[in-house]
Amino acid sequence: MRTRSHRARSVLAVVAAATLGVAGCDAVGGDSAAPSERATPSPKPTPLWDRSPRSIAAVGDSITRAFDACDVLSDCPEASWATGTSPEVDSLAVRLLGRTEAPRRSWNFAVTGARMADLPGQMARAVRRGPQLVTVMVGANDACRATPSAMTPVSAFRADFEDALRSLRKALPKTQVFVASVPDLKRLWSEGRSSAMAKQVWQLGICPSMLGDADALDASAAQRRDAVSERVADYNKVLQEVCAEDERCRHDGGAVHDYRFGTAQLSRWDYFHPSVNGQARLAEIAYRAVTAAKPLT
């Protein structure tokens, strides 16, 4: 009996030791490597958004061509908010690349009068330069038609924008995009309608859906202008939504639309397009968005 009892106690001791040993390994990570053998932490992933791109291509319409900024009824690309070289503007390209490099590493493919339907073609030309950043400002001419009924349908506006971004992504998957909102056209009418010269220039065909019959304040005129404003809001919603689907795209959060252009920021010839001062304000907005730690909302 004593022998059996002794053997039983021996077996129990072995089992207990084994159990404690397993528990001890689990408590300290049983199969963990020695400190010197442990893998070093993985480096932080490279952020998707580069706040200092080294080349820029601009696409869009007359605003990016700085139409009426320097001379009446003519482009002034040197004053462009996106790629201009004017020291009075300090364009986005100058702010990002420096005054020496900006002319060599930035390209302006915007066309006065362009609409969203023209963007895929402009984007195709921009792609050939292989830019690290593409700026987009387009949509005003889609709303500025002969009548509100002639404005670009929202569905077509969306389809063409998606097509333009899709072609960019296919060719340049890592190129970043900055998208500016469409300006508040009704505010531009409100600011300029007190100028006799502006109204004369408007009669030449500048944004007739909003600026036509500038002095008319009847219900029909108010309804017409409201329809244009609502369409601009729809376009801006499309720009923001489509941009949000692309991880390398940043929208201005409505900053251009919300900017309260005054007479100093508007062309002294048409009181509609940005002046040199207005172009500088657009450059500031774009630079803030491109270099911000987080996207603007």
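**Entry 1: A222**

In which helix is the place of A222? I found A222 in helix α9; helices here are DSSP runs of H or I with at least four residues, strands are runs of E with at least two, and both are numbered from the N terminus. I noted that this is a predicted model, where local features need pLDDT of at least 70, side-chain atom pairs count only at pLDDT 80 or more, and totals for chains, interfaces and linings use all residues. Residues are numbered from 1 along each chain as its sequence is written, and side-chain values use heavy atoms, with hydrogens and water left out.

I looked up the accessibility of A222 too: its relative accessible area is 34%, so A222 is partly exposed. My cut-offs are under 20% for buried, over 50% for exposed and in between for partly exposed, with a 1.4 Å probe and protein chains only.

**Entry 2: the whole chain**

I stepped back for the overview. The protein chain has 11 helices and five strands. Of its 297 residues, 46% are buried. Among contacts (heavy atoms within 4.5 Å) with a separation of 6 or more, 72% are between residues 24 or more positions apart.

**Entry 3: α6 on α9**

How do helix α6 and helix α9 pack, and at what angle? I have α6 (residues 185-192) and α9 (residues 219-244) at about 135°, with axes 8 Å apart. The axes are lines fitted to C-alpha atoms, for helices over the stretch in contact, and the angles run from 0 to 180 degrees between N-to-C directions. That angle makes α6 oblique to α9, because under 35 degrees counts as roughly parallel, over 145 as roughly antiparallel, 65 to 115 as roughly perpendicular and the rest as oblique.

On the α6 side I listed L185, K186 and W189, which meet R225, D226, V228, S229 and V232 of α9. By class, this contact has four nonpolar, one polar and three charged residues. For the classes, Ala, Val, Leu, Ile, Met, Phe, Trp, Tyr, Cys and Pro are nonpolar, Asp, Glu, Lys and Arg are charged, and the others, Gly among them, are polar.

I then checked what is buried in α6, and got L185, R187, L188, W189 and G192. These buried residues pack against α4, α7, α8 (208-211) and α9. At the N-terminal end, D184 caps α6, with a side-chain oxygen 3.2 Å from the backbone nitrogen of K186.

**Entry 4: α3**

Which residues of helix α3 (residues 119-127) are buried? My list reads L119, P120, Q122, M123, A126 and V127. They lie on the same side of α3, because they cover an arc of only 160° around the axis; the arc is that of the directions from the helix axis to the C-beta atoms. What covers them includes β1 (56-60), β3 (133-137) and α5.

**Entry 5: T152**

T152 sits in the loop between α4 (140-143) and α5 (154-171). Is T152 buried or exposed? Its relative accessible area is 12%, so T152 is buried. Its side chain makes a polar contact of 2.7 Å with the side chain of D142. I count a polar contact as a pair of N or O atoms within 3.5 Å; within protein, one must be able to donate a hydrogen and the other to accept it, and residues adjacent in sequence count only if both atoms are side-chain atoms. Leaving aside neighbours within four places in sequence, T152 is in contact with R115, D142, F157, R231 and Y235.

L282 lies in helix α11 and is buried, at a relative accessible area of 3%. Beyond neighbours within four places in sequence, L282 is in contact with I63, W81, M137, V256, F261 and P274. The C-alpha atoms of L282 and L92 are separated by 8.8 Å, although these residues are 190 apart along the chain.

Q200, in helix α7 (residues 196-202), counts as exposed at 55% relative accessibility. Its C-alpha atom is 8.3 Å from that of D270, 70 residues apart along the chain.

**Entry 6: two positive phi values**

Last, I looked at the backbone. D90 has phi near 50°, a positive value in a residue other than glycine. D90 is in the loop between β1 and α2 (92-97) and is partly exposed at 28%. Y271 also has a positive phi, near 50°, and its place is in the loop between α10 (255-258) and α11 (276-291).
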